[in-house]
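Here are my notes on the helix packing and the aromatic residues. Have the model open while you read.

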Amino acid sequence: MNQNAGNDHETSTIEAFLKQADIARQRQAWDDVVKIFQVALKQLPEERALRRGLAAAYVAKADRMGFKPMYQRAMEEYWRLVTSDPSDELSHEGLLTAAVKADQLGEVLEEYRARIARSPDVDFYRAAFKKIQALYLMRVETKTDAAPGGRFVPLILGRVAPIVALLCLVGWVVVRFKIGPHPELASPKLIAVEHLLGRTGSFVLSDP
């Protein structure tokens, strides 16, 4: 009974913090959102939903202020989540979004490569690596084509499929950011689009 009461109290506390943060988020008061999650994590440092919320708040604050170090702080929180539980797909997705905004895809790509080498059996690292690699290659090609004297690359790797996959992944990143850290609050249409883009991109990039 005591254990159940303790669990109920913890659940209520988490829900209360999430509600406070959501109210502040609707006001676009990102400093308040950050503070709410920081206070919450002092009480419940292992609660993953709260840490994901803090990371997402850092990203939103960086978007508003144009202050890139905030993206770095978000990435640190997402890495902490990914390290403690590689199967946490939401945190992989959040990390990818923050890395794109921070222009650190190359660094994140290499870190995933190192993690795959250390833990070759972790499929979640491989899946995230494929998505990041695709986005990274697209950005490199785009910069090359835009550079003075650069020439147009006819088709990435000479095939249409990778281009389709890249477009799907870019769209997925944008939709994932719009959904935010609480998918249960997002519209069903956004969730459906996110699933469609993710599955299509992953299917095209899957090994033959």
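**Notes on helix packing and aromatics**

1. Start with a left-handed crossing: that is how H2 passes H3. (Left-handed means the near helix is turned anticlockwise from the far one by less than a right angle; clockwise would be right-handed.) Helices here are DSSP runs of H or I, at least four residues, numbered from the N terminus.

2. Before going on, a caveat: this is a predicted model, where local features need pLDDT of at least 70 and side-chain atom pairs count only at pLDDT 80 or more, while totals for chains, interfaces and linings use all residues. Residues are numbered from 1 along each chain as its sequence is written, and side-chain values use heavy atoms, with hydrogens and water left out.

3. Back to that first pair. Helix H2 (residues 30–43) and helix H3 (residues 48–65) pack at about 160°, their axes 9 Å apart. The axes are lines fitted to C-alpha atoms over the stretch in contact, with angles from 0 to 180 degrees between N-to-C directions. That makes H2 roughly antiparallel to H3 (the label applies over 145 degrees).

4. Who touches whom? On the H2 side the contact (heavy atoms within 4.5 Å) includes Trp30, Val34, Phe37 and Leu41, and on the H3 side it includes Leu50, Leu54, Ala57 and Arg64. The residues of this H2–H3 contact split into 11 nonpolar, 2 polar and 4 charged. Nonpolar covers Ala, Val, Leu, Ile, Met, Phe, Trp, Tyr, Cys and Pro; charged covers Asp, Glu, Lys and Arg; the others, Gly among them, are polar.

5. Have a look at phenylalanine 37 in helix H2. Phenylalanine 37 is buried, at 2% relative accessible area (buried is under 20%, with a 1.4 Å probe and protein chains only). Alanine 21 is 16 residues from phenylalanine 37 in sequence, and the two are 7.3 Å apart, C-alpha to C-alpha.

6. Next, helix H5 (residues 89–102) and helix H6 (residues 105–118): their axes come within 8 Å and cross at roughly 145°. Leu95, Leu96 and Ala99 are among the H5 residues in the contact, and H6 brings Leu105, Val108 and Tyr112. By class, the H5–H6 contact has 7 nonpolar, 1 polar and no charged residues.

7. Finally, Trp79, Tyr112 and Tyr125 form one aromatic cluster. Rings pair if their centres lie within 6.5 Å, Trp counting by its six-membered ring; planes over 60 degrees apart are edge-to-face, under 30 stacked, and the rest tilted. The count is 2 aromatic pairs. Tryptophan 79 and tyrosine 112 make a tilted pair, 5.2 Å centre to centre with 45° between the planes.

Methods
Helices (H or I, at least four residues) and strands (E, at least two) are DSSP runs, numbered from the N terminus. Angles under 35 degrees count as roughly parallel, over 145 as roughly antiparallel, 65 to 115 as roughly perpendicular and the rest as oblique. Buried means under 20% relative accessible area, exposed over 50%, partly exposed in between (1.4 Å probe, protein chains only).
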